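Student: I would like to learn how to read metal sites and helix packing from a set of atoms. Could we go through one case together?

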Amino acid sequence: MAFVKPNTTINEYQNFVEEVYGLSNDRYFSLWDMITNMERFTMRGLKGIRKGNKEKTKINLLLSISWFASMMNQLHINIEDEVWKRFPYLCSYCGLCPCSCKKEKIKKRQKVIINENKRPKTLKDFQNMFCEIYLPQTRTIEHAGVHLAEEIGEFSEAILTYRGQHKDEDFKKVALEAADLFSCFMGVFNSLGISIAKELSIMFSHNCHVCKNAPCTCSFIDITRFES
Ligand SMILES: [Zn+2]
Ligand SMILES: [Zn+2]
């Protein structure tokens with residue numbers, strides 16, 4: 001049986017997604033199909049923000065994150081490594097913790113120095129790290145949601161560019177944008193005051209959250225029509 005523990009690492013969670021959904025992703029879905037699924041659940045999550053429906057936002061963004069992990073598996077990008085390289089307990093832009101981009105009116109991306117000793121261990125530790133870099137009390141949840149939408153757009157653009165010519169430098173951009181996008185998922189959950197790891201452990205306590213099998217045996221129609 002496959003499941004996500006409350007103290008899961010990002011790597012363990014990414015491996016869980018591969019174990020449960022790798023097979024049906026390979027058979028049913030191209031990268032474009034997966035990005036569409038990721039986007040549609042994010043948009044449902046944003047609708048939850050507009051309607052003040054915390055539960056709707058939570059469920060749909062958890063599903064979106066899982067589609068994101070599926071895409072990262074297909075591209076063989078290690079989420080945890082990319083996130084840590086981009087956000088080593090510092091804002092990727094101003095290089096400070098907490099982020100002072102606004103206060104200091106930073107116009108140019110600063111060089112960040114990685115201190116391996118500070119690397120968080122679990123997904124929960126990473127979420128806490130983002131809570132310290134980007135203080136949720138300094139912005140509204142709507143602001144966090146708009147930022148998430150922006151990053152989905154930038155990630156999609158990076159995929160589109162990479163798919164055009166399959167250049168290595170464009171692939172690196174996909175990995176960077178993936179890290180930025182992941183940070184924005186964290187940002188919305190920090191605004192909600194919800195632990196992603198805890199909620200994933202509830203949703204994925206026993207294989208696929210719908211069919212309860214590993215690998216998942218949900219049909220293509222079931223998956224594409226799934227709503228929450
Ligand atoms: Zn900053
Ligand atoms: Zn299933």
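Student: Which spacing do the donors of the zinc ion (ligand 2) follow along the chain?

Tutor: Keep in mind that this is a predicted model. The donors of the zinc ion (ligand 2) follow the spacing C-x2-C-x4-C-x1-C, and they are the SG atoms of Cys208, Cys211, Cys216 and Cys218, at 2.2 to 2.4 Å.

Student: Which residues coordinate the zinc ion (ligand 1)?

Tutor: Cys91, Cys94, Cys99 and Cys101 do so through SG, at 2.3 to 2.4 Å; with angles of 102 to 118° among the 4 donor atoms, this site is tetrahedral, and its donors follow the spacing C-x2-C-x4-C-x1-C.

Student: Is Cys91 buried or exposed?

Tutor: Buried means under 20% relative accessible area, so Cys91, with 2%, is buried, whereas Cys99, at 27%, counts as partly exposed.

Student: At roughly what angle do the axes of helix α4 and helix α6 cross?

Tutor: The axes of α4 (residues 79-86) and α6 (residues 123-133) come within 12 Å and cross at roughly 25°. Angles under 35 degrees count as roughly parallel, and α4 and α6 are therefore roughly parallel to each other. Their crossing is left-handed, and Glu80, Val83 and Trp84 in α4 meet Phe126, Met129 and Phe130 in α6.

Methods: Residues numbered from 1 in each chain as written. Chains lettered and ligands numbered in written order. Predicted model: local features only at pLDDT ≥ 70, side-chain atom pairs only at ≥ 80, totals over all residues. Heavy atoms only, no water. Donors = N, O, S within 2.8 Å, 3.2 Å for Na, K, Ca; no water. Tetrahedral: all angles 85-135°; square planar, octahedral: opposite > 155°, others 65-115°. Buried < 20%, exposed > 50% of the residue type's maximum accessible area, 1.4 Å probe, protein only. Axes fitted to C-alpha atoms, helices over the stretch in contact; angles between N-to-C directions. Helix = DSSP H or I, 4+ residues; strand = E, 2+ residues; numbered from the N terminus. Parallel < 35°, antiparallel > 145°, perpendicular 65-115°, else oblique. Left-handed = near helix turned anticlockwise from the far one by under 90°. Contact = heavy atoms within 4.5 Å.
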